[in-house]
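Subject: The structure for you to look at

Hello,

Here is the structure I promised to pass on. Please open it alongside this note, and I will walk you through what turned up.

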Amino acid sequence: MVRVTIWNEYLHELENEAVAKIYPEGIHAVIADFLKKEGDISVRTATLNEPEHGLTEEVLAETDVLIWWGHKAHWQVSDSVVERVYQRVLAGMGLIVLHSGHHAKIFRKLMGTSCDLRWRDVGEKARVWVVEQGHPIAQGLGDYFEIPREEMYGERFDVPAPDCLVFLSWFKGGEVFRSGCCYQRGRGRIFYFQPGHETFPVYYQPEVQRVIVNAVRWAKPSFVDNRPVLMHSEPLEELNN
Ligand code: ZN
């Protein structure tokens, strides 16, 4: 089983009626529902207002892949919890960052850049192109899929060049965006996926669900032994200098 924790800020759904209509139990509940249908994935959820944001040492120790959705309250996430998540990623936990999570403290810390981007919220069509056919995260998709209404995110996306770019999105207004980016930091795999603005029912769309399921399987820890202890080292050969 892949043990997934879905973290959601969970504020828009409580404060905005239009968002609550789409996600009455929260974005995390909808993501949990479709992940639970997979036989090999177990799911728990955590939200900002829980003690330690629901991301205690114990929870993270039992998490193989953490999914992150946040937007308006990135600054409220405590630095100590961010550091805890960061260390878990370096040790091998997978991290999937969704949509406005591009500005989450944890993502910026892992990327080392501003993660700024161009945006426009009018609800335009997005066409998500698969640019790495055969990649595990693109499994089951065609050449592209479309999202009828989505927030536009456009380049430049100020992130390091991804280790692998799986998706490139085009928006009706004309911009393009690197919408599916893979990274490795330490032993942990990271996947950033752009779709998921809170006022559109994006996480109900089968193709989007397919990507997230695929990404969970791709991001699960893949190293088999413990992290080596790195310290002062005696030479293996005689050194005469
Ligand atoms: Zn948004």
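Are H99 and H197 buried or exposed? H99 is buried, and H197 is buried as well; buried means under 20% relative accessible area, exposed over 50%, and partly exposed in between, with a 1.4 Å probe and protein chains only.

Before going further, please keep in mind that this is a predicted model, in which local features need pLDDT of at least 70 and side-chain atom pairs count only at pLDDT 80 or more, while totals for chains, interfaces and linings use all residues. Residues are numbered from 1 along each chain as its sequence is written, and side-chain values use heavy atoms, with hydrogens and water left out.

**The zinc site**

The protein donors of the zinc ion are H99 (NE2), E151 (OE) and H197 (ND1), at 2.0 to 2.1 Å from it. Donors here are N, O and S atoms within 2.8 Å of the metal (3.2 Å for Na, K and Ca); water is not among the atoms, so sites may look incomplete. Along the chain, the spacing of the donors is H-x51-E-x45-H. H99 sits in the loop between β4 (94-98) and α6 (105-111), and H197 in the loop between β9 (188-193) and α7, so the pair links distant parts of the chain, 98 residues apart. Helices (H or I, at least four residues) and strands (E, at least two) are DSSP runs, numbered from the N terminus.

Most residues other than glycine have a negative phi, and most peptide bonds are trans. E52 counts as partly exposed because its relative accessibility is 41%, whereas H53, at 10%, is buried.

T56 belongs to the loop between β2 (41-47) and α4 (57-61) and is buried, with a relative accessible area of 18%. A polar atom of the T56 side chain lies 3.1 Å from the backbone nitrogen of V59.

**A cis peptide**

The peptide bond from E155 to R156 is cis, with omega near 10 degrees. R156 is in the loop between β6 (144-154) and β7 (164-171).

**The whole protein**

The protein has 7 helices and 9 strands. Of its 241 residues, 51% count as buried.

Best wishes

Terms used. A polar contact is a pair of N or O atoms within 3.5 Å; within protein, one must be able to donate a hydrogen and the other to accept it, and residues adjacent in sequence count only if both atoms are side-chain atoms.
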